[in-house]
Amino acid sequence: WGALGHATVAYVAQNYLSAATASWAQGVLADTSTSYLANIASWADTFRSTTAGAWSAPLHFIDAEDNPPTSCSVNYARDCGATGCVVSAIANYTQRVGDGRLSAADAAEALRFLVHFVGDITQPLHDEAFEAGANGVAVTFMGFSDNLHSDWDTFMPEELIGGSSLADAQSWATTLISEIDSGTYESTKASWIAGDDVGNVITTATRWATDANALVCSVVMPNGAAALTAETDLFPTYYDDVIGTIELQIAKGGYRLANWLNTIFETEV
Ligand code: DCM
Ligand code: DCM
Ligand code: DCM
Ligand code: ZN
Ligand code: ZN
């Protein structure tokens, strides 16, 4: 996701953190503001673009070597490369953030990475190898010639919300929280976190990746990528078809992140 998506995941998560987990996270991050998770949600994207942080670029995704739209799947042994992937990164930083022996700087870094990667893993194209997560799928959206990945990460969410500031993210999060509490997602939210186990992170995060990867076949490119490249403009028909899934995945990421951090705090810190 882009900055808007990551900050929205963070604000949704903040709403569901226990008071004790929130205090712990504020202490780790040395930020007692009301945007303590949102403020750091995109740090990992800034870091990976630096020379010192280039090693972390593969940790934002898992390149599932499947065959969309015919067949979607994630296989950790097949798909997580030697340099790591979003699943192994979530395992690493889940362990590190609960490890009291780390320096304050390393603990803060672990939490910044974890907040970001639990967001990225819900973006279907971060769980797909085809054309590097569809970065190589040329499309037109709102008159711009861009690629399908950037439309999912950034331009379709921004079209929905009308901006990418923290205030925009907070406003989107408020809407999603009300859908989680008493709306569209009320009856399915339990399934988003069912079986999540901080003691079996690879299994848990592979399930998260598999859930999002399935959407590549069913929602992102149900008729293949060439059909999208051939569209005159993805707006409005394709956008209307997929924007509900984008909202679902952002809500899911935030709700899952909160449960994950609450559980880490209760069981490991
Ligand atoms: N590091 C990491 N994951 C690990 C071990 C280290 O991301 N399992 C990172 C944290 C620091 C850097 O590597 O950015 C150096 O770590 P250390 O503090 O262990 O020297
Ligand atoms: N990305 C991905 N899968 C890949 C390569 C990249 O999901 N195989 C993501 C990471 C960024 C975006 O695509 O969110 C752009 O990556 P880059 O700047 O490395 O092209
Ligand atoms: N952009 C894009 N696809 C869109 C909207 C914008 O590729 N649907 C690109 C064009 C510019 C950059 O994003 O390179 C910033 O656009 P803007 O000035 O519209 O924010
Ligand atoms: Zn991306
Ligand atoms: Zn990322």
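How many salt bridges does the count come to by the rule used here? The count comes to seven salt bridges, a salt bridge being a side-chain nitrogen of Lys or Arg within 4 Å of a carboxyl oxygen of Asp or Glu. This is a predicted model, in which local features need pLDDT of at least 70 and side-chain atom pairs count only at pLDDT 80 or more, while totals for chains, interfaces and linings use all residues. Residues are numbered from 1 along each chain as its sequence is written, chains are lettered from A and ligands numbered from 1 in the order in which they are written, and side-chain values use heavy atoms, with hydrogens and water left out.

**Surroundings of ligand 1**

- The shell around ligand 1 consists of Trp55, Asn92, Tyr93, Arg96, Asp106 and Glu109, where a residue is near a molecule or strand if one of its heavy atoms lies within 4 Å of it.
- Helix H5 (86-97) and helix H6 (104-120) each supply at least two residues of this shell, and H5 gives the largest share, three residues; helices (H or I, at least four residues) and strands (E, at least two) are DSSP runs, numbered from the N terminus.
- Sorted by class, the shell around ligand 1 holds two nonpolar, one polar and three charged residues, with Ala, Val, Leu, Ile, Met, Phe, Trp, Tyr, Cys and Pro counted as nonpolar, Asp, Glu, Lys and Arg as charged, and the others, Gly among them, as polar.
- An N or O atom in the side chain of Tyr93 is 2.5 Å from an oxygen atom of ligand 1, and a polar side-chain atom of Asp106 also lies 2.5 Å from an oxygen atom of this ligand.
- For Glu109, an N or O atom of the side chain is 3.0 Å from an oxygen atom of ligand 1; a polar contact is a pair of N or O atoms within 3.5 Å, and within protein one must be able to donate a hydrogen and the other to accept it, with residues adjacent in sequence counting only if both atoms are side-chain atoms.
- Ligand 1 taken alone exposes 440 Å², of which the protein buries 46%, the accessible areas coming from the Shrake-Rupley method with a 1.4 Å probe and, for residues, with only the protein chains shown counting as cover.

**Surroundings of ligand 3**

- Ligand 3 is surrounded by Phe141, Phe144, Asp146 and Phe155, a shell that by class has three nonpolar, no polar and one charged residues.
- A nitrogen atom of ligand 3 is 3.3 Å from a backbone N or O atom of Phe141, and a nitrogen atom of this ligand is 2.6 Å from an N or O atom in the side chain of Asp146.
- Taken alone, ligand 3 exposes 440 Å², and the protein buries 44% of that.

**Zinc site**

- The zinc ion (ligand 4) is coordinated by His126 (NE2), His149 (NE2), Asp153 (OD) and Asp153 (OD), at 2.0 to 2.6 Å; donors are N, O and S atoms within 2.8 Å of the metal (3.2 Å for Na, K and Ca), and water is not among the atoms, so sites may look incomplete.
- Along the chain, the donors of the zinc ion (ligand 4) follow the spacing H-x22-H-x3-D.
- His149 and Asp153 are four residues apart in helix H8 (residues 148-161), so about one helical turn separates them.
- His149 counts as buried at 7% relative accessibility, as does Asp153 at 13%, where buried means under 20% relative accessible area, exposed over 50%, and partly exposed in between (1.4 Å probe, protein chains only).
- The zinc ion (ligand 4) and the zinc ion (ligand 5) are separated by 5.7 Å.

**Salt bridges**

- Asp211, Lys252 and Arg256 are linked in a network of salt bridges.
- Lys252 and Asp211 meet through their side chains at 2.7 Å, N to O; Lys252 lies in helix H13 (residues 237-268) and Asp211 in helix H11 (residues 201-220), so this pair ties together parts that are 41 residues apart in sequence.
- The side chains of Arg256 and Asp211 meet in a salt bridge at 3.6 Å, N to O, and because Arg256 lies in helix H13 and Asp211 in helix H11, the pair ties together parts that are 45 residues apart in sequence.
- Arg48 forms a salt bridge with Asp45, with the closest N and O atoms 3.2 Å apart, and both residues lie in helix H3 (residues 43-48), three residues apart, about one turn of the helix.
- Arg48 is partly exposed, with a relative accessible area of 38%, and Asp45 is partly exposed at 22%.
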